[in-house]
Amino acid sequence: MAGYLSRSTSLSPLELSPSSLELPGSPPAAKTEMTSDVRLIPDIGGSPLKIFVLAKKKINDVFVGIQSYVEESNNFISELTVESSVVSQEMIRETFCFKERIAGIRDVLARDHMKVVFFGRTSNGKSSVINALLQDKILPSGLGHTTNCFLQVEGADTPEPYILTEEFSEPQNIQSVAQLAHALNSEKLGDSTLVRIFWPKDKYRLLRDDVVLLDSPGIDVSPNLDDWIDKHCLDADVFVLVANAESTLMLTEKNFFHKVSERLSKPNIFILNNRWDASASEPDFLEKVRKQHLDRTVSFLVEELNVCTRQQAEDRVFFVSAREMVQMRLKIQQGLPPHTGALAEGFQNRCFEFQDFERKFEECLSKSAVKTKFEQHTQQGKSITTALRQIMDTVFENSQVKKKEKLELRKEQKDRQEFTQQQLYLLTDEVKHQIGQLVDKVEQQVAKALNEEIHRLNVLVNEFGQPFHPDSLVLSIYKKELHTHVEEGLGSNLRARLSNTVAVNVESSQKKMIARMSSLLPQEHRQQMTNIMPRHNFEVLYRLNCDSLCSDFQEDLEFHFSLGLVSLMRRFLGPKQTKWSSEHIPHPVSSSPQTPSNEVKHFIQPSADYLAIIQSIALVSPTSQTAVGTLAIGGFLVRTVGWKVITLTVGIYGLLYLYERLTWTNKAKERSFKKQYVNHATRKLKLIVDLTSANCSHQVQQELSNTFARLCQLVDDVVSDMQGEIKQLDIEMGKLDECSATARLLRNKAGYLLSELETFSQQYLQYDQ
């Protein structure tokens, strides 16, 4: 009785009915008063185990929200790229780890029960303790090795009990428990095999409160302790070590719980010294033996396992007789007095101590188990949610910073685009003016140089040294070669005089264009300006085409006396007056009709000048009307000058004619031909001076315009790139706005979830403070 009364103080903040601790027939002095806490907690319906059920439901609901929040955050963070500078690779990796951690926590919280595992050596009474707790004999128990596998007792919503095994998923009759679990039966199962026994929840209070009781084989008959722990113990809330009070705590039992402690942080362990009814035979040594067992078990829990304090350990060690409790509760169910039959000395104290174990066992499940199981998950949930809120804060701040940078960059790009376009318009007008000036200058230079070359055309023609012959076929070839010689000579002379000057002017203008355009382009695009300059030097093409220009040239290679009447008329009157005379001198009219005998035969048509001279001579013909006047003038000259002077004059005139006629060779004909050609080509070339200079200036204009067009195209490409960058910046800013809004929303969700966790912590984890 002293051992029981020494620790009658309750660990529960709840007010329990004293009748729950009272044995039938026990004295009133054995009742213990309980104190209550007025802290607001959920209505648990009088059972402390309800706290775990409600806390379990609440924490699961909270973590459902946290899991949804983490998945939403993970999807949001995963869609953001590291290049956006809004998130880092560490954030993405950390968020994904949070997803895995929450999934693990959800798997642990998905259990809908508290799990209590009973361990001990063979025949220490583990099954009897479970039967006593359930107040019914549902597990096989007896002498020797009775349980050869793990038997898990849990509640079911069905009215009939059934079992499930690992080999058969179909429910089996509950009558087969003894056949499956009893070690003496021929159907033995493996020592790590699990048999799940489902009993109706409405028959047993513990099962109704979602408590699962797991019975195990003796830990001294199997070397597979590590497999047992990994398979059946990692999700246990409370461990109950059923020891034999007739012996001390064995090394096997200690080693097993050392292994448990290595895998689980500070497991909740209760130690039951069973078969304490054997101490009734030695009442003199009872207290000494009790103290010895208590010291050893407390030392094991505190010093070796370090799972609790000494005071807590003393409240977790009990001395009971499970067999007596089973018998007593079966008699109560049968309506018999509980104290009938052969009972050992001190039975009532052992009953009170077992009830004390039950009370503290339930309190541990309702308070310590809730705290140890859910406090860690609550802290992890707070840690994960807080970390995600910080990540969302960082994402929100980074999004705002990036948006501000994008806005500044967009403004800068927009200003640069508008400035570039404005400068391009101004530069276009300026370049057009410069090109116009250069084109006018080139046109004047070409016209001047071509006129000078035309004045020197005789020198170029005289340099032509091909053999000359008056034959028409040879002469035709000679003229073609002369056309080519003149055209090439004029082109060569013009290039020699103008090409360098024009090329330098063009290149200088192109460089000025590039220099001005370069100022409108960003630094990274200026290198492309080098590709704008032509790879070859600009050269003007002088298209004279003398062959077509002088195609109407008709040479006159007939002999013409220099003192002849036609030559003198041309010399004194000029070609125009000679032509006028030929037009106004009357032509003689034939007095006889034209017949085939006197028909005038037409040969090569003589020139107009020649016909005029012939007509003038015809005036002195006797048949002419002025013949008499001519003879009179001749007579007058003879009488005045004398016939000797006239004869001498005529002789000299004849000698001169003879000299000129004898010197009319091919060389003279060539000189006459070249002279005629120079005169004709000079007239023709002067007609195309303006056309040629305009053509050359057009080439310069075309070259400069092409260069400027390529520069403008490059600038337009840059402006187009700027517009594309502005559009891309608009898209990115839109995404940043969405990112900021989502991050702000998720940040607010994190605050809500943290408040939910804090409410759970205050309501279930701190209600005893």
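This is a predicted model: local features need pLDDT of at least 70, side-chain atom pairs count only at pLDDT 80 or more; totals for chains, interfaces and linings use all residues.

Student: Which residue meets the side chain of lysine 667 in a salt bridge?

Tutor: A salt bridge here is a side-chain nitrogen of Lys or Arg within 4 Å of a carboxyl oxygen of Asp or Glu. Both partners lie in helix 20 (residues 666-687), three residues apart, about one turn of the helix; helices are DSSP runs (H or I, at least four residues), numbered from the N terminus. With an N to O distance of 3.9 Å, it is glutamate 670.

Student: How many salt bridges does the structure hold?

Tutor: Some of them share partners, and one network joins Asp315, Asp356, Arg359, Lys360 and Glu363. The number of salt bridges in the structure is 37.

Student: How far apart are the closest N and O atoms of arginine 263 and aspartate 230?

Tutor: Arginine 263 is partly exposed, with a relative accessible area of 34%, and aspartate 230 is partly exposed at 40%. Arginine 263 lies in helix 8 (residues 251-263) and aspartate 230 in helix 7 (residues 225-233), so their pair ties together parts that are 33 residues apart in sequence. The closest N and O atoms of this salt bridge are separated by 2.8 Å.

Student: Is arginine 290 buried or exposed?

Tutor: The side chain of arginine 290 meets that of glutamate 353 in a salt bridge (3.1 Å, N to O). This pair links distant parts of the chain, 63 residues apart, with arginine 290 in helix 9 (residues 286-304) and glutamate 353 in helix 12 (residues 347-455). Like glutamate 353, arginine 290 is buried.

Student: What separates the C-alpha atoms of threonine 692 and valine 446?

Tutor: Threonine 692 is in helix 21 and counts as buried because its relative accessibility is 4%. Along the chain, threonine 692 and valine 446 are 246 residues apart. Their C-alpha atoms are separated by 7.8 Å.

Student: How far does helix 11 reach from its first C-alpha to its last?

Tutor: Helix 11 (residues 322-333) has 12 residues, and the expected value is 16 Å at 1.5 Å a residue, the expected span being 1.5 Å times one less than the number of residues. Among its buried residues are Met325, Val326 and Met328. Glycine 335, with a positive phi near 80 degrees, follows helix 11. From first C-alpha to last, helix 11 reaches 17 Å.

Student: What accessible area do Leu648, Ile652 and Leu656 have together?

Tutor: These three form a nonpolar patch on the surface; patches take residues with over 30% relative accessible area and no salt bridge, joining like charges within 9 Å and nonpolar side chains (Val, Leu, Ile, Met, Phe, Trp, Tyr) within 5 Å. Leucine 648, in helix 19 (residues 643-662), counts as exposed at 55% relative accessibility. By the Shrake-Rupley method with a 1.4 Å probe, where for residues only the protein chains shown count as cover, the accessible area of the patch is about 270 Å².

Technical notes. Residues are numbered from 1 along each chain as its sequence is written. Side-chain values use heavy atoms; hydrogens and water are left out. Helices (H or I, at least four residues) and strands (E, at least two) are DSSP runs, numbered from the N terminus. Buried means under 20% relative accessible area, exposed over 50%, partly exposed in between (1.4 Å probe, protein chains only).
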